[in-house]
Amino acid sequence: LEQRRTEETPRGLRIHQRVLGGMIEGKRLQGRVYPNGGGEFGLIRPDGTTEILTRFMILAANGEWLYAHCVGYERPDGYARLQATFDADMQGPHAWLNESMFIATIEDEADSQSRTLTFFEAI
């Protein structure tokens, strides 16, 4: 993620930042988050909770493009959860993502510049 830019609105501080990239590593999906292929458009509410709205593109290891849409929240105590859905080619090897929903945890890395999202398929 790049440096956060915020603007004060009646609902709280609106967050604007680009997603700069990342890696996808899993049993069923490998690839990378496409650099500058998405962003965070969240909101820091007056109670300190951050509403998360993130969208980004993934380039799977097989060359397939996937779209990710994540919504969730992060409380002031650091507890954070996302709900994620994906769009994939209906005829491609990752078509299963179109009918799946995921819950993710978020952990800030020591460099304070990146985060690790761990996705769990909601069955």
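1. Aromatic pairs. Five aromatic pairs are counted in this predicted model, where rings of Phe, Tyr and Trp (its six-membered ring) pair if their centres lie within 6.5 Å, and planes under 30 degrees apart count as stacked, over 60 as edge-to-face and the rest as tilted. One of them is tilted, because the rings of Tyr73 and Tyr79 have centres 6.3 Å apart and planes at 40°. Tyr73 is partly exposed at 33% relative accessibility, and Tyr79 is partly exposed at 32%; buried means under 20% relative accessible area, exposed over 50%, and partly exposed in between (1.4 Å probe, protein chains only).

2. Basis of the model. Residues are numbered from 1 along each chain as its sequence is written. The model is predicted, so that local features need pLDDT of at least 70 and side-chain atom pairs count only at pLDDT 80 or more, while totals for chains, interfaces and linings use all residues; side-chain values use heavy atoms, with hydrogens and water left out.

3. The ring cluster. Phe86, Trp96, Phe102 and Phe119 are linked into a cluster by ring pairs. Within it, the rings of Trp96 and Phe102 have centres 6.2 Å apart and planes at 65°, so this pair is edge-to-face. Trp96 is partly exposed, with a relative accessible area of 22%, whereas Phe102 is buried at 7%. Arg28 lies over the face of Trp96, 3.7 Å from the ring centre (the rule asks for NZ of Lys or CZ of Arg within 6 Å of the ring centre and within 35 degrees of the ring normal).

4. The largest pocket. About 1200 Å³ of space lies in the largest pocket, a pocket being an open set of points on a 1 Å grid over the protein atoms alone, where a 1.4 Å probe fits, with protein on both sides within 12 Å along at least five of seven lines. Its lining consists of 42 residues, those with an atom within 4 Å of a point. Phe119 is among the residues nearest the pocket centre. Strand β11 gives the largest share of the lining, seven residues (strands are DSSP runs of E, at least two residues, numbered from the N terminus).

5. Strand β7. Which strand joins β7 over 10 bridges? It is β8, in the antiparallel sense; two strands pair if DSSP finds at least two bridges between them. Glu51 has Tyr73 in β8 as its bridge partner. The hairpin of β7 and β8 has four residues between the strands, and Gly63 takes a positive phi near 95° there.

Notes: Grid points are joined across faces, edges and corners, and a volume is the space filled by probe spheres set on the points.
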